[in-house]
Amino acid sequence: VLFLQIVHILNMTSAKIVSFLLHPEESLHSLQNRIEFETGISTGNQELLLETGICLDPRKPASQCVIDGVRGWDSYMVYLFDKSKTVYDGPFASRSLSDCVNYIVQDSKIQLPIPQLRKVWAEAVHYVIGLKEDYSRLFQGQRAAMLSLLRYNANLIKMKNNMVSASQQLKAKLEFFHQSIRLDLERYSDQMAYGISSEKMLKAWKEMEEKASQCAQAEDIGYLDEQIMALHTEIVELQKSPYARRQGEVMESLEQRAIDLYKQLKTRPPDHAYSDSTDMVKIIVQTVQSQDRVLKELFGHLSKLLGCKQKIIDLLPEIEVALNNIKEADNSVMQMQGKRQREIWHLLKIACTQSSSRSLVSSSLEGTASTPAAAWLPQSSSGNTAPHPLSSLAAPEDGENFADVIQENVNYLELFSSILQEVRQEQNSMMVS
């Protein structure tokens, strides 16, 4: 018997307790199917919370509902909520009276012998204690709902901080991108008259600027921030509400009065004495009325808690979508920035190539104008050029020097042609891109 595992589940929608004997290694899904059969709440709408507000893990066995050891197992509760409902219609009917207690409630002035009255009053005291314990368990269920709400709220705040941080980073990158592309467009326009121009590239840059302006829409998270702040304020007010604290002081005092009244009855001699139950019935009626009042407040507050929790559940996907939009916009801006920088370096490469080709052409033209004249036309002693006889023609070594000059000029011409061809290819590829 000591090794049996029994789980007690308080259905917060009906204020009733259902108990289950757990099978060895039973899964949580199996337990939820049994709960659905007993309560009518489908497995998809069941939310099972521990006293700490932690939701049961579906990957773990059903034994997670039971505390270890023997002491306290019979009072440990798991709280069942219906996720399809955010408004609970409490308060619910109080626990039913036993026949003998109902007998004195119907006629409190009826005279009963002291021994019989002791038994009836003992059950009455048990009934009053039971009403207080019913409220205590329901209050603990409300507390579990509050702790669960605070866990959801902590997750919401974490996601909100990530969203705000990503939005601020995107805003900074967009400002940098706009400033840099405006400067690039200005400098590009200045050099178009004497430098390199590409209408297709210019059009692409202007499209980038327009696309960056559209990306700015992703950083607009003001509407979500306002909803989150309003919800946070509402949760703080719920935490400060007096209904978030235990309201059973009146019921506890009535419980003590009932116990004291019973003790007084026990001291009376039982011989041929009779008495009525007027005082005890008054305590019973006052306890029922007090329970009705505190339960009405409790379930009203619980409905507000569950409403806030549902708002958080609805907001989380919207924040996730906003985060994804911000990340996509961020990636798009970085890709455009990288593409534009590659194109700028491409223009720089073409400009450097054209500059080097001009310098090579000028140097080769200077070389071809001076070297052949010095090698082909020998100067006279007077420094004037004059016709030479056959005996004075160039020697063999002079012929070899002339051939070298011709070959060098051919090499320069081939190099110049290859440079011009490379420049044309570079310009064509830039126009296509």
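Colleague: What pLDDT do local features need?
Modeller: Residues are numbered from 1 along each chain as its sequence is written, and side-chain values use heavy atoms, with hydrogens and water left out. This is a predicted model, where totals for chains, interfaces and linings use all residues, side-chain atom pairs count only at pLDDT 80 or more, and local features need pLDDT of at least 70.

Colleague: In what order do the four strands form the sheet?
Modeller: Helices (H or I, at least four residues) and strands (E, at least two) are DSSP runs, numbered from the N terminus. Two strands pair if DSSP finds at least two bridges between them. Here the sheet is open and the pairing is mixed; the order is S2-S1-S4-S3.

Colleague: Which are the edge strands?
Modeller: An edge strand of this sheet pairs on one side only. That applies to strand S2 (16-21) and strand S3 (46-49).

Colleague: By what angle are neighbouring strands turned against each other on average?
Modeller: Axes are lines fitted to C-alpha atoms, for helices over the stretch in contact, and angles run from 0 to 180 degrees between N-to-C directions. For neighbouring strands of this sheet, direction is ignored and the average is 30°.

Colleague: Do S1 and S4 run parallel or antiparallel?
Modeller: Strands of a sheet pair through backbone hydrogen bonds, in either direction. In S4, Met-77 is the bridge partner of His-8. Four bridges join strand S1 (residues 6-11) to strand S4 (residues 77-82), and the two run parallel.

Colleague: Which helix lies across S1, S2, S3 and S4?
Modeller: The helix asked for runs at about 65° to S4. It spans residues 114-191 and is helix H3.

Colleague: How many salt bridges does a search of the whole structure find?
Modeller: A salt bridge is a side-chain nitrogen of Lys or Arg within 4 Å of a carboxyl oxygen of Asp or Glu. The search total is 13.

Colleague: How far apart in sequence are the parts that Lys-309 and Glu-47 tie together?
Modeller: Lys-309 forms a salt bridge with Glu-47, and the closest N and O atoms are 2.5 Å apart. Lys-309 sits in helix H7 (residues 278-376) and Glu-47 in strand S3, so the separation of the parts is 262 residues.

Colleague: Is Lys-309 buried or exposed?
Modeller: Buried means under 20% relative accessible area, exposed over 50%, partly exposed in between (1.4 Å probe, protein chains only). Glu-47 has 8% and is buried. Lys-309 has 6%, so Lys-309 also counts as buried.

Colleague: Is Asp-134 buried or exposed?
Modeller: Arg-95 is partly exposed at 30%, and Arg-137 is partly exposed at 22%. Asp-134 has a relative accessible area of 16%, so it is buried.

Colleague: How many disulfides does the structure hold?
Modeller: A disulfide is a pair of cysteine sulfur atoms within 2.5 Å. Cys-65 is buried at 2%, whereas Cys-100 is partly exposed at 24%. The disulfide count is zero.

Colleague: What is the phi of Ala-15?
Modeller: Most residues other than glycine have a negative phi. Ala-15 is in the loop between S1 and S2, and is partly exposed at 27%. Its phi is positive, about 60°.

Colleague: Where does Glu-25 lie?
Modeller: Phi of Glu-25 is near 55°, a positive value. Glu-25 is exposed, with 75% relative accessibility. Its place is the loop between S2 and helix H1 (28-39).

Notes:
Contact means heavy atoms within 4.5 Å.
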